[in-house]
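Please open the model and follow its strands. The dialogue below reads them pair by pair.

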Amino acid sequence: MKEIRVCEIRAEAAADASKALRLEGRPIVYDQPTKIGDPAGSYIEIIRAGALDHADLSDARLFYNHDLNKVPLARTPKTMQLTIDPAGLKMVAELPDTEEARSVYTAVQRGDLSGMSFAFKVPEGGDSYDAATNTRTIFTIEKVYEISVVPFPAYPQTSVEARSAFSAAASEQKKAAAIIKANKILMKEV
């Protein structure tokens, strides 16, 4: 099941400031509870440290606001690097010289956009749900499909920054939320 979560980012102009645009961010944060909104109700979610230890990060793409109908802003491994550290996942991306990339970069640089999100898959048995606290804990992330710069991150601790000096996803999110809700109902009946 592919899921999407919103999370920090910054923009950085490369040494050749006339061309290269660099975004740095933290799309996934460990051990930070956040409230996940769901059409059928909300719940608390926590991604535990180590959840990314065996995750497939080999072919992830960077978008603005999960818009899979647009050309990606970057892609691993050539124009985007993803690094796991004790706090979660770090991202560095070199953006193309396109109107959309410049708009996203400028909005991050001005502080109009400051959050990130991600689409991911949790394998069977990779999470648990505690009905008493209405909390889902994710222990294992199997795959990170995409990362997005977003206006409203689910995890407020995420960030994106602009550095000086150098559709379809929405329906997937609704589908994932419905599956989580169904699992919650089934777990309460057991």
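Q: In β9, which residue is the bridge partner of D85?
A: First, the source of the model: it is predicted, local features need pLDDT of at least 70, side-chain atom pairs count only at pLDDT 80 or more, and totals for chains, interfaces and linings use all residues. Residues are numbered from 1 along each chain as its sequence is written, and side-chain values use heavy atoms, with hydrogens and water left out. Strands are DSSP runs (E, at least two residues), numbered from the N terminus, and two of them pair if DSSP finds at least two bridges between them. Here, the partner of D85 in β9 is G88.

Q: How many residues link β8 to β9 in the hairpin?
A: The hairpin connects them through 2 residues. Strand β8 (residues 80-85) runs antiparallel to β9, with 6 bridges between them.

Q: Which strand do 4 bridges join to strand β9 (residues 88-95)?
A: Strands of a sheet pair through backbone hydrogen bonds, either parallel or antiparallel. In this case the partner is strand β3 (residues 21-29), and the two run antiparallel. I28 stands opposite L89 in β9.

Q: What is the strand order in the open sheet of 4 strands?
A: The order is β4-β5-β12-β11, and the pairing is mixed. At the edges are β4 (34-36) and β11 (127-130), each pairing on one side only. From one strand to the next the twist averages 30 degrees (axes are lines fitted to C-alpha atoms, and angles run from 0 to 180 degrees between N-to-C directions).

Q: In which sense do β11 and strand β12 (residues 135-138) pair?
A: They pair in the antiparallel sense, over 4 bridges. In β12, I138 is the bridge partner of D127.
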